[in-house]
Amino acid sequence: VTLPHHLSSSLQLYEKFYDSRHTGRKLQWQPRLGQCVLKANFRKGCQKELKVSLFQAIVLLLFNDQPSWTAADIMMATKLEQKEFVRTMVSLSVAKIRVLLKTPMNKEIKDDDVFTVNTDIKEMRFRIRISEVQMKETEEEYKAVEEEVNQDRQYQIDAAIVRVMKTRKKLNHQLLISELFAQLRFPVRAADLKKRIGSL
């Protein structure tokens, strides 16, 4: 991510201050979690405060330099990842409160789309919170998360089996499985329990 000059200089000043106060510590910035409040003049007499994410702020600050940008130019200037870029642009131009106008007006972001500031914003409030749009997970991401959760659950199942067997010493298979169902706080299949019992 490329920060505008006035943001990066403030960041460097704070890093110097932090390093002078704390030796042996290292600051690690998380730009995805950043929040900003921007004062925006949309037209004469129409000033608003926009509460936005750091990525949204970086994109909006580009419009101080020129009135319209193509998607490809914005992406080159900000150096955002493709997924974050699409999410940011959709939240600014297609969501309920449209700070930017997109040509052509649709939900897809393409390289040749042109963005301009929406000078005719209809929002009555002075402070406007622009939420980031949640993008749908792809099938691969869903499977990766599910696999990671299943791996974590295996360890919990193993720990529960060991706990039950330590307290009971001897237990038949059906009673062990019913005891595990009572102890585990997530949905689990009997086949998964049998597999974990067999592996131990």
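**Pockets of the predicted model**

The second largest pocket of this predicted model is lined by N150, R153, Q154, I157, F186, P187, V188, R189, D192, K195 and R196, a pocket being an open set of points on a 1 Å grid over the protein atoms alone where a 1.4 Å probe fits, with protein on both sides within 12 Å along at least five of seven lines, and lining residues having an atom within 4 Å of a point. Two or more of these residues come from each of α5 (139–168) and α7 (190–199), and α5 gives the most, with four residues; helices (H or I, at least four residues) and strands (E, at least two) are DSSP runs, numbered from the N terminus. By class, this lining holds four nonpolar, two polar and five charged residues, where Ala, Val, Leu, Ile, Met, Phe, Trp, Tyr, Cys and Pro count as nonpolar, Asp, Glu, Lys and Arg as charged, and the others, Gly among them, as polar. The volume of the second largest pocket is about 240 Å³, taken as the space filled by probe spheres set on grid points that are joined across faces, edges and corners.

At least two lining residues are supplied by each of β1 (35–43) and α2 (54–62), with β1 providing the largest share, five residues. The lining of the largest pocket comprises 10 nonpolar, three polar and one charged residues.

Residues are numbered from 1 along each chain as its sequence is written, and side-chain values use heavy atoms, with hydrogens and water left out. As the model is predicted, local features need pLDDT of at least 70 and side-chain atom pairs count only at pLDDT 80 or more, whereas totals for chains, interfaces and linings use all residues.
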